[in-house]
Amino acid sequence: MSSPQTPSPSSKGSENVSFSSKVIYGLGSGNDMWGNWLYPTFAWTVFNMYLGLPGKMVSLALTMRLVWDIFTDPFFGWWSDNTRTRFGRRRPFILIGSILSGVTFPLLFTVGDGWSDTAYFAWMIVSSMLFMTMVSCYNVPYQSLGNELSPDYRERTSIYAFRGSIQKIMEVGMFLAPAFATALAWENARLSDVPARLGGLISGGFQWTGELLAALFSGNGDTLLRLAEMPFGMRSGTGEENVNVVLGAQVYTSILGGIMIVIGCALYFGLKERYYDKLVQSAPSKVRITETLGEVLKCKPFRVQLSMGLAYSLGLSMVGTLGLYATVYYVSAGNLTEGNLWNFRMGLSNMFFGFLGPVIFGGLIGRWLDKRNTILIIQACAVAVFTATWWLYSPEVKWLQLFASGLIAFTQAAFWMMYGSIGADVIDYDELQSGKRREGAFTACGTYVMKIGMVLGTFITGFVLDWTGFDAELGGDQDPSAIFWIRFLFAAVPIAGIVVSFIMIVSFPLSREKMREIRQQLEARRGAV
């Protein structure tokens, strides 16, 4: 029986999360995306395409950054699990981590033209290790907090559907990064020119938005097509302009850094820690560091979840880079400005279709099927999408790549939504077995394993590019075989990872009925939360 002093398992007030809380939590995905995922793609634009640092050195620097992250994530997971303050155990880390991440973000590109390859390589390693320490301070507690927002099976999917949809909006910032840094506004620009050049970009963006709204209202198709050629007022050049890409990258990361600080404050003041007062603050024992580093792997459902996510992550870890190179050097024939503008347009498509993925799979299909079967459907759709990329990337019909980016985002957002939702179920299963709430331990161990996949994918990417025969100095005159292998691997590697992931999820044991039983047993033991 449930404790007489606590709500019963059927009490809706104990499980529902407010609309505003879901939105605020979803906004936090921006710091996660920009902190973890922007640099691995953006660094290729700045250090390889613009500064000419060899692909192997870029890959190695990015790999070392992730290796460092593998150590910082478990540390902050263990620390936040054992923190007891009047502000909670997650929120203080979220606030401090977001502020420090925002401040250190621009340091990633604080380099100058004419440095040696060794100097660029060393700066990438040192600056990214510092930055990723701050990101871990934010991200592990943030991910852990998501597992604590509701004890309900379906409500958890709703929380992660909100997060997944909002995350696709935030991801536009990742697609915009190369276009912003290579914009013609930075042609021959110096630091003293930043206010005027940035002001021109902003005013051009407002003017473009006004024209877009007017064209939509009047139904002027010709104007809409013209505006689509220059998103937010940014135009394609000939590819011969002397654009200060480094300065553009510094300005862009400074802007995002400020937004990251604001988001962290919103999370700190706008969310509560449901489990803290009742199950954590009064807990007689704390989580050991060994639990964070691997003891949680004894949990069978967690091992299945990780295997599924690792295969998927490893397969897609090369997609962002190879997709960008396919756009710039195949579809746009080496025109850096045009290719990055197309990449930005693809980001808008990514946002639109990605926003729909969690809504359709979480809000509709997920209501009728349990989480395992929903993921199986998502994976089948993803295989079909990556197969189609061979035809959707075309220099003859460039706009088709918008559908490639959008449909990839459609399945990707849905997958990570369900992945997060089943993660909360796994932690309930573990609480029943261990008697502890170890969100931080599971989050840290999960990111530890997942980033092994990212490390391998990132490390391989530079060597794959060199193996294909790609040479940044050739611009649009790449060897046809290099373009072929970039396109082929862009489709084949994710499909292989998805197939393995598909096989893994088949054995996931936590069905809807099983989770109902677990919740009843937990609430009979310690009451509802």
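Student: Which residues of α7 are buried?
Tutor: In this predicted model, the buried residues of α7 are Val172, Gly173, Met174, Phe175, Ala177, Pro178, Ala179, Phe180 and Ala181.

Student: How many of the residues of helix α7 is that, and what follows from it?
Tutor: Nine of the 10 residues in helix α7 (residues 172-181) are buried, so the helix is largely enclosed by the rest of the structure.

Student: What do the buried residues of α7 pack against?
Tutor: They pack against several helices, including α2 (29-50), α6 (153-170), α8 (194-218) and α10 (245-270). The list also has α15 (336-368) and α17 (400-434).

Student: What about the loop between α7 and α8? Which residue is worth a look there?
Tutor: Asn188 is found in that loop. Asn188 has a positive phi of about 55 degrees, although it is not a glycine.

Student: Why point that out?
Tutor: Because most residues other than glycine have a negative phi.

Student: Is Asn188 buried, exposed or partly exposed?
Tutor: Asn188 has a relative accessible area of 48%, so it is partly exposed.

Student: Where else does a residue other than glycine have a positive phi?
Tutor: Ala333 is one, with phi near 55 degrees. Ala333 lies in the loop between α14 (319-331) and α15.

Student: Next topic, helix α5. What is Ser144 doing there?
Tutor: Ser144 is found in helix α5, which covers residues 117-146. Ser144 counts as buried because its relative accessibility is 0%.

Student: Which side chain does Ser144 make a polar contact with?
Tutor: The side chain of Thr443, at 3.2 Å. Leaving aside its neighbours within four places in sequence, Ser144 is in contact with Arg90, Glu439, Gly440 and Thr443.

Student: And Pro141, where is that?
Tutor: Pro141 is also placed in helix α5. Its relative accessible area is 0%, so Pro141 is buried.

Student: What does Pro141 touch, leaving aside neighbours within four places in sequence?
Tutor: Pro141 is in contact with Ser80, Arg90, Phe93, Ile94 and Ser136.

Student: How far is Pro141 from Trp115?
Tutor: The two are 26 residues apart in sequence and 37 Å apart in space, C-alpha to C-alpha.

Student: And how far is Gly199 from Ala185?
Tutor: That pair is 14 residues apart in sequence and 9.9 Å apart in space, again C-alpha to C-alpha. Gly199 lies in helix α8. With 33% relative accessibility, Gly199 counts as partly exposed.

Student: Let's do rings. How many aromatic pairs are there?
Tutor: The structure holds 42 aromatic pairs. Phe352 and Phe353 have ring centres 5.4 Å apart and planes at 85 degrees, so this pair is edge-to-face.

Student: Is Phe352 buried or exposed?
Tutor: Phe352 counts as exposed, at 51% relative accessibility.

Student: Which rings are linked into a cluster?
Tutor: Ring pairs link a set that includes Tyr39, Phe42, Phe47, Phe109 and Trp115. Tyr120, Trp123, Phe180, Trp186 and Tyr252 belong to that cluster too. Phe180 is one of the buried residues of α7.

Student: Which charges sit over rings?
Tutor: Arg91 lies over the face of Tyr268, at 4.5 Å from the ring centre. The charged end of Arg487 sits over the ring of Trp390, 3.9 Å from its centre.

Student: What about the largest nonpolar core? Which residues touch the most other members?
Tutor: Of its 125 residues, those are Trp34, Leu38, Phe42, Val46, Phe47, Met124 and Trp186. The largest share of this core, 12 residues, comes from α17.

Student: What is Trp34 in contact with, beyond its neighbours within four places in sequence?
Tutor: Its contacts are Phe105, Met170, Gly173, Met174, Leu256, Ile259, Met260 and Ile263. Gly173 and Met174 are among the buried residues of α7.

Student: Last one, Ser21. Where does it lie?
Tutor: Ser21 lies in helix α1 (residues 19-27). Ser21 counts as buried, at 16% relative accessibility.

Student: What does Ser21 contact?
Tutor: Its side chain and that of Ser18 are joined by a polar contact of 2.8 Å. Leaving aside neighbours within four places in sequence, Ser21 is in contact with Gly270 and Leu271.

Note on methods
Residues numbered from 1 in each chain as written. Predicted model: local features only at pLDDT ≥ 70, side-chain atom pairs only at ≥ 80, totals over all residues. Heavy atoms only, no water. Helix = DSSP H or I, 4+ residues; strand = E, 2+ residues; numbered from the N terminus. Buried < 20%, exposed > 50% of the residue type's maximum accessible area, 1.4 Å probe, protein only. Polar contact = N/O pair within 3.5 Å; in protein donor to acceptor, adjacent residues only side chain to side chain. Contact = heavy atoms within 4.5 Å. Phe/Tyr/Trp six-rings, centres within 6.5 Å; stacked < 30°, edge-to-face > 60°. Lys NZ or Arg CZ within 6 Å of the ring centre and 35° of its normal. Core = buried A, V, L, I, M, F, W, Y, C linked by side-chain atoms within 4.5 Å.
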